[in-house]
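Open the structure in your viewer and keep the selection tool ready. The tour goes from one residue to the next.

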Amino acid sequence: MMNLLEVNWLAIILAAACGFLVGGIWYGPIMGKKWMGAVGLTEEEIQGGNMGLIYGGAFAFSLVASAMLAHMFFRLGQPPFHVKMMMSTGIALGFIIPAIGTNYLFSQKGKALFFIDAGYWLLFYAAMGAVHALLS
């Protein structure tokens, strides 16, 4: 049985922050304009959103994902760095990307949005996996 005090909470928080930071860079200077065009939003519409809810919720979801990675690695006996990286990116490639792909097919969203979001989720889980691998 895992004791909640046995997990590395610093790693969980830092990994979530790194994933969140990846999102800021990816959807900012790297893909921001393309993403806005793909979802059909203007900068004014984005600024009109509830930023506290959006960013706070996104960080909370990042914490949940990071805690689940920490739990999985703990239950597996803290595998080596390369295994943690393969597992974290495998989660993105094998679960997250197919799930959003299915949603995008049925909602008839464009390929550009799929590739932008898929790239983000792959980088998100790679960043979190790296932090967990380095700090545990």
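Start by selecting F81, which is found in helix 5, residues 81-106. Keep in mind that this is a predicted model. F81 has a relative accessible area of 40%, so it counts as partly exposed, the class between 20% and 50%.

Together with F81 they form a nonpolar patch on the surface, with about 480 Å² of accessible area in total. Helix 1 and helix 6 (111-135) are the elements that give two or more residues to this patch.

Now go to W9, in helix 1, which covers residues 9-30. W9 is partly exposed, with a relative accessible area of 41%. Select L113 as well and draw a line between the two C-alpha atoms. W9 and L113 are 104 residues apart along the chain, and their C-alpha atoms are separated by 33 Å.

Then turn to the loops. Select Q78, in the loop between helix 4 (51-75) and helix 5. What is the phi of Q78 near? The value is near 55°, which is positive in a residue other than glycine. Q78 is partly exposed, at 35% relative accessibility.

The last stop is Q108, in the loop between helix 5 and helix 6. Q108 is not a glycine, although its phi is positive, at about 55°. Is Q108 buried or exposed? Its relative accessible area is 70%; exposed means over 50%, so Q108 is exposed.

Note on methods: Residues are numbered from 1 along each chain as its sequence is written. This is a predicted model: local features need pLDDT of at least 70, side-chain atom pairs count only at pLDDT 80 or more; totals for chains, interfaces and linings use all residues. Side-chain values use heavy atoms; hydrogens and water are left out. Helices (H or I, at least four residues) and strands (E, at least two) are DSSP runs, numbered from the N terminus. Buried means under 20% relative accessible area, exposed over 50%, partly exposed in between (1.4 Å probe, protein chains only). Patches are made of residues with over 30% relative accessible area and no salt bridge: like charges are joined within 9 Å, nonpolar side chains (Val, Leu, Ile, Met, Phe, Trp, Tyr) within 5 Å. Accessible areas come from the Shrake-Rupley method with a 1.4 Å probe; for residues, only the protein chains shown count as cover. A salt bridge is a side-chain nitrogen of Lys or Arg within 4 Å of a carboxyl oxygen of Asp or Glu.
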